[in-house]
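Here's a quick briefing for anyone meeting this structure for the first time. Take a look at the model, then walk through the points below.

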Amino acid sequence: MEAALTKPRNYHEYPFIVIWEVTRSCALKCLHCRAEAQYKADPRQLTLEEGKQLIDQIADMQHPLFVFTGGDPLMRNDLFELADYAIREKQLPISMTPSATPKVTREAVMKAKAVGLSRWAFSLDGSTADIHDHFRGTKGSYEMTMRGISYLHEQQIPIQINTTVSNYNLHDLAATAEKVKEMGAVLWSLFFLVPTGRGMHKDMITPEQHEKVMQWLYRLGPQMPFGIKTTEAPHYRRVIAQEKSLESLLSAHHGTAPKHVDRLGRAPKGVNDGDGFVFISHTGDVYPSGFLPLSCGNVRQTPLLDIYRNSPIMRELRDKSLLKGKCGVCEFKNICGGSRARAYAVTGDYLESDPACSYVPQSFVPC
């Protein structure tokens, strides 16, 4: 089923990726936490049986990439029973994003290997303990991350590293990239901060800094043995298109470092909030993404596919003709579309321009 992820799919019909927040519970106190996670699980979270029913629905959506997130997924005692059901019974490719806490034991990683987990993602928000632990709000988080990665190497589970880009660690990204290389990760996923949950407006980097980071990522990619992807930065696709056009004009040729094998591959076309992407909260509420907190329905009342296809919010997010401002007239809107979550967080309108994008479209006339 993993190979099916590389085949084109109509995002109006089926998402490429489904993320389920299996619990809101987490032991960390991350500065940017989208979920504003709490120590104790919400008694309203989906039960084991409800979780299996949700997995049944997801498998019927052309077997999308499926991610268990939180909170901390390891705070659920039935996590591996859910994973086993999804992988063995429903043949879903599963990735998981646990927090680096004492719950990441060798035994837990061995269970993940036994059920056939496709990828394990850890967060790394700095190349040193001082930077990472400050960001995660917990002393010792960096050390536990390193220990967990050693367990993943032992079990040969592919590693993804997630880094939230903010004013806290902008200066350290190059060093973090080297650390990701040392870890043998198959994918470096950079989350460009959206001011929602505990994330603050002051933590965001400027539009010009966004542009410089994405241009740097484009140059970095061929040099590294891991893949690079961005979250809530769809304008990275515009930067790639521009840089490739420039290279072709200059007839530039660059060698590419051999990549670590990534069984899951990458989306054949870009996803965006509600457009190839859907998020289910711990209580069953369905959102366009975890960073765009507008409920489109609840799986306890309405089938997930019905919500994804027919929710008015979801349908608007997939209609690029409705975009406003710079995004509305941008010649790259069909490959980018801007971060709808950031537009909503900053302006209150999910169809407005992405305030983190510095690009001025050719046909844009300021008001």
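Tyr151 sits in helix α5; helices (H or I, at least four residues) and strands (E, at least two) are DSSP runs, numbered from the N terminus.

This is a predicted model, where local features need pLDDT of at least 70, side-chain atom pairs count only at pLDDT 80 or more, and totals for chains, interfaces and linings use all residues. Residues are numbered from 1 along each chain as its sequence is written, and side-chain values use heavy atoms, with hydrogens and water left out.

**The whole protein**

- You'll find twelve helices and nine strands in the protein.
- The protein has 367 residues, and buried ones make up 56% of them.
- Take the contacts (heavy atoms within 4.5 Å) with a separation of 6 or more: 74% of them are between residues 24 or more positions apart.

- Setting aside neighbours within four places in sequence, Tyr151 is in contact with Val104, Thr105, Arg106 and Val109.
- Thr105 is 46 residues from Tyr151 along the chain, yet their C-alpha atoms are separated by 7.8 Å.
- Two packed helices are described by the angle between their axes and the distance between the axes.
- Helix α3 (residues 106–115) and helix α5 (residues 141–155) have axes that come within 9 Å and cross at roughly 40 degrees; axes are lines fitted to C-alpha atoms, for helices over the stretch in contact, and angles run from 0 to 180 degrees between N-to-C directions.
- The crossing of α3 past α5 is right-handed, that is, the near helix is turned clockwise from the far one by less than a right angle, with anticlockwise being left-handed.
- On the α3 side the contact is made by Arg106, Val109, Met110 and Lys113, and on the α5 side by Tyr151, Leu152, Glu154 and Gln155.
- By class, the contact of α3 with α5 has four nonpolar, one polar and three charged residues; Ala, Val, Leu, Ile, Met, Phe, Trp, Tyr, Cys and Pro count as nonpolar, Asp, Glu, Lys and Arg as charged, and the others, Gly among them, as polar.

**The α1–α2 pair**

- The axes of α1 and α2 come within 10 Å and cross at roughly 25 degrees, and these two helices are therefore roughly parallel to each other.
- This crossing of α1 and α2 is right-handed.
- α1 brings Leu48, Gly51, Lys52, Ile55 and Asp56 to the contact, while α2 brings Glu81, Leu82, Tyr85 and Ala86.
- Sorted by class, the contact of α1 with α2 has five nonpolar, one polar and three charged residues.

**The nonpolar core**

- The largest nonpolar core has 90 residues, and Phe66, Phe68, Trp120, Ile161 and Leu304 touch the most other members; such a core is a set of buried Ala, Val, Leu, Ile, Met, Phe, Trp, Tyr and Cys residues joined through side-chain atoms within 4.5 Å.
- Helix α2 (residues 79–89) gives the most to this core, with seven residues.
- Not counting residues up to four places away in sequence, Ile161 touches a list of residues including Phe122, Ile149, Met183 and Trp188.

- Most residues other than glycine have a negative phi, and most peptide bonds are trans.
- Gln62 has a positive phi of about 60 degrees although it is not a glycine; Gln62 is in the loop between α1 (48–59) and β2.
- His63 also has a positive phi, near 50 degrees, and lies in the loop between α1 and β2.
- Gln62 counts as partly exposed, at 41% relative accessibility, whereas His63 is buried, with a relative accessible area of 16%.
- Going from Gly70 to Gly71, the peptide bond is cis, with omega near 25 degrees; Gly71 is in the loop between β2 (65–69) and α2.
- Gln45, in the loop between β1 (17–21) and α1, counts as buried at 15% relative accessibility.

Methods: Buried < 20%, exposed > 50% of the residue type's maximum accessible area, 1.4 Å probe, protein only. Parallel < 35°, antiparallel > 145°, perpendicular 65-115°, else oblique.
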